[in-house]
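Look at the charged side chains in this fold. Trace which parts of the chain they bring together.

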Amino acid sequence: MAERRIVGDRAGWRIRVLTKHLRHLIPGTSLEASICLAYEPPEVNSGDAAFDKSAMRALLDGHDLETRDWLFNLMAKSDLFVSRKVGDKVFASPDFNEPMDEMRDKTLERIFFLLRNGVFKDFLKDNSIENSLKQMAVWEVLGIFDHALSVKLGVHFILWGGSIVSLGTQRHHDKWLRITEELKVFGCFAMTELGHGSNVRGIETVTTYDPSTQEFIIDTPCESAQKYWIGGAAKHATHTIVFSQLLIDGKNEGVHAFICQIRDANGRWCRGIRIADCGHKTGLNGVDNGRIWFDKVRIPRENLLNAVADVTPDGQYVSSIKNPDQRFGVFMAPLSSGRVTIAMHATNQAKVGLATALRYALTRRAFSVSTYEPEMLLLDYPSHQHRLLPLLAKTYAMNFAALDLKKLHLKKNPEDSKVVHVISSGFKAMFSWHSQRTLQECREACGGQGLKTENRIGNLKAEYDVQSTFEGDNNVLMQQVSKALLGDYFAARSKGKLMKGMGLEHLNGPRPVMSKELDSNVLRDSRFQLALLQLRERGLLELLDAEVKKIISTGLSTSEALMSSYKLAENLGKAFTERIMLEIFQRAEEQATGSMKKVLGLLRTLSVLSGVDEEPVFLRYGFLSPEQSQLIHREVPAVCAELRPHTLHLVDSFGIPQPFLGLIAYDWVESNAWDNVSGGSSQSIV
């Protein structure tokens, strides 16, 4: 009987398979059924959008949509940017298989192509907020194409050019800005050294002044003082901003910034300059990072960027800022713009990875629920939803936060510098960590296809890994955030004043109390979510305050106490950053109506609840009970399932055109077909 049943099952199975094949027959053709998978566009498995995608994109980008689309289109039409054509589609990305020198030369060639097409017009001469936002839109689009291109240009325009704008005076603006904008000089930014990276105060390059010639003398006194990781220095830069200790009559006046030429018009090193290549890197090889030694290099007195301090012809040091700590803070201002830029780029790279991986997951099938059923779409597996959709929700949250930070940075007054520093430090760390995690998850979610350079995800991970350490090591930045919060908390408590600014006013009110009865409606309420994040931030600040005071009471210094409490400090920095992100998300949500507002509410909820579910401090310090934590844990997959029908439309709303995603985001069967293999049709088969 068992044998008959097996035979019968096999016969039934064969009938079902044949029936499935016959459904694919085209009327009038012979009986040649295909057993092959047929590509189905993600739209087939998604349904209609429940919200206006153009309105969602406008909310995400926030500004300069026309500029973005124009620049995307400019690149997609140029063979300098297009890497492959499949059918009627072109795909634009760098060729990561090129030798390093060729990658660098191609980056420079693309820069001059952009210059000829007017991309950089008035980048430095027009300091209006509108023009600055337009520039940021350009950096974002270029970064979506190639991190190396955006970094090399960012070093030239933002770090070199921005330093001249913010740290220089009219004499520097008149001499340098126009030729910088026209790329008649190529600038770099010599701050970090072999022996000092994040600790800029400790750099060892020394500059003295010779009143007899009215020249500064820049010197590299030891090997650890060589300037290191200087983008553009190895091949193309002609000038640099040098950060150096300034010694006047034997007194160290602290770190100052100077303009120094390092190559002549023929590309030869200037007198006293030595340059070496930093060599091949795990990513970002389109940028020529170099090392610079200064052997008592003389520069004119006028090359000191003197908006903060100056040296008179006879060698007297003068400054309108008497406090050396405040003076140092002003010199570090260019780094805030760098962190703002990193926060934007990190978010955009997460978008590229998610758009590629989620479109693939809406077309790729694997396994069946039962033996004779059709294979399931990857995105219909709850596990696949759980691994990608929370990252999508967090990317939306970070997008709104990065957009808000851009505007805060551009509109800041001098008294806002600390706020911008603290928030940009937290965002830069959190967003670059998120980008790396997201790209890794997207890489794995695409299986072997995630490894192919043409599908972008794996290379993006390598190209953007540097973000976790440049412009400040992420762990150091998070401790700076918590140090600033603790300092404000100490000051307010000691003076009997209320906390003010950066949303910290919630610390002045009563401590939030979490209801024991949590249901789905409560968990999805933005007021509950904000109260929960405020409770964590408040609790961690109080714990850090108590721990630092306890350590100080043993005779150690405040700095030593903070170092001993590093993990609690990092947790506080994360809590502060995520609370600000939620407040910004809530404001973005208020701009929407109808179904778009509902979808944004789902994204907000998933962003917050998945973050709470992953974060051990809520249970470790009693901000949630085990029962409450279990309720949140069960709610996350429920929200993922509700977002599943909106997935395609949410990644389409990123506004990233087809050429700039990986090939598997579209017809991956066609792109891998024999006729589309390079040289495939001409190869002999033995």
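Predicted model: local features only at pLDDT ≥ 70, side-chain atom pairs only at ≥ 80, totals over all residues.

Residues are numbered from 1 along each chain as its sequence is written, and side-chain values use heavy atoms, with hydrogens and water left out.

Start with the record. UniProt lists residues 336-486 as "domain: Acyl-CoA oxidase C-alpha1" in an unreviewed entry; such annotations may be inferred rather than shown by experiment, and the positions follow the numbering used here, with feature names shortened. That stretch is 70% helix and 3% strand, with its end C-alpha atoms 21 Å apart. Helices (H or I, at least four residues) and strands (E, at least two) are DSSP runs, numbered from the N terminus.

Now the charges. The whole structure holds 49 salt bridges, each a side-chain nitrogen of Lys or Arg within 4 Å of a carboxyl oxygen of Asp or Glu.

Glu140 and Lys406 form one, with the closest N and O atoms 2.6 Å apart. The pair links helix α5 (residues 129-145) to helix α10 (residues 382-411), 266 residues apart.

Asp652 and Arg359 meet at 3.3 Å, N to O, in another salt bridge. Here helix α21 (residues 647-652) pairs with helix α9 (residues 333-361). Asp652 is partly exposed at 28%, whereas Arg359 is buried at 5%.

Definitions and conventions. Buried < 20%, exposed > 50% of the residue type's maximum accessible area, 1.4 Å probe, protein only.
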